[in-house]
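This report describes the aromatic ring pairs of one protein model and the surroundings of one further residue.

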Amino acid sequence: MRLGIVFILFLFTSGCAFFSKEPGRPPKIDGVPIPDSKRLIYIQNVRNNTYSPGMHTRLTQMIMEEIDRRGRFITTREKTLAKYRLYAEIVHYQQVGDLMDLADQQITSELFVVTRVEIIEAETGVKIPMERSEIPGRVHFSTQIGFRESELEAQNRLLRVMALRIAEEAERAWYHSLSGILN
């Protein structure tokens, strides 16, 4: 026990990269921190072009939480202050039965979602090129066997993964556009 405490104190005092890495600090280009004015982003409410109600509001909230957690962007709810704007749209949602019993009842199901994403520079209206403009997501769930969960719980799990992927893609495109690195 005592040795563990000494080791943790050593890590804190030695400036271990584990405790001082991103997202707690602003990202840097050639060792120079990116100014806060270039990190402001407005996240537009996600549009939903599917039959699944409520997914877009949960996804919007999860994207905001993920971007705030990562710390590379600074989110703002004031559209005019933002340097960048993130737009997303759920364009496909599908639930498919995977495993069926002898009476053709679904035992397990798969949820599949495709979200279209773009990040735009607010002042010029120029769309920042992204590696993928459509981000897919897929989860399997069952209400009867294994880890049992409802469709809503599976959707929330799927949307958390989608929010993470959207944040990663947006940050990568934004960083490459600032640093001049081609995608």
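## Aromatic pairs

A search of the whole predicted structure finds two aromatic pairs (rings of Phe, Tyr and Trp, the last by its six-membered ring, with centres within 6.5 Å; planes under 30 degrees apart are stacked, over 60 edge-to-face, the rest tilted). The model is predicted: local features need pLDDT of at least 70 and side-chain atom pairs pLDDT 80 or more, while totals for chains, interfaces and linings use all residues. Residues are numbered from 1 along each chain as its sequence is written, and side-chain values use heavy atoms, without hydrogens and water.

## Tyrosine 51 and tyrosine 93

The ring centres of tyrosine 51 and tyrosine 93 lie 5.5 Å apart with planes at 70°, so this pair is edge-to-face. Helices (H or I, at least four residues) and strands (E, at least two) are DSSP runs numbered from the N terminus.

Tyrosine 51 is exposed at 57% relative accessibility, whereas tyrosine 93 is buried at 5% (buried is under 20% relative accessible area, exposed over 50%, partly exposed in between; 1.4 Å probe, protein chains only).

## Phenylalanine 73 and tryptophan 174

Phenylalanine 73 and tryptophan 174 form a tilted pair, with 4.6 Å between centres and 50° between planes. Phenylalanine 73 sits in the loop between H3 and strand S5 (74-76) and tryptophan 174 in helix H4 (residues 151-179), so the pair ties together parts 101 residues apart in sequence. Both phenylalanine 73 and tryptophan 174 are buried.

## Arginine 39

Arginine 39, in the loop between strand S2 (32-33) and strand S3 (40-43), is buried with a relative accessible area of 7%. Leaving aside neighbours within four places in sequence, arginine 39 has contacts (heavy atoms within 4.5 Å) that include Phe73 and Trp174.
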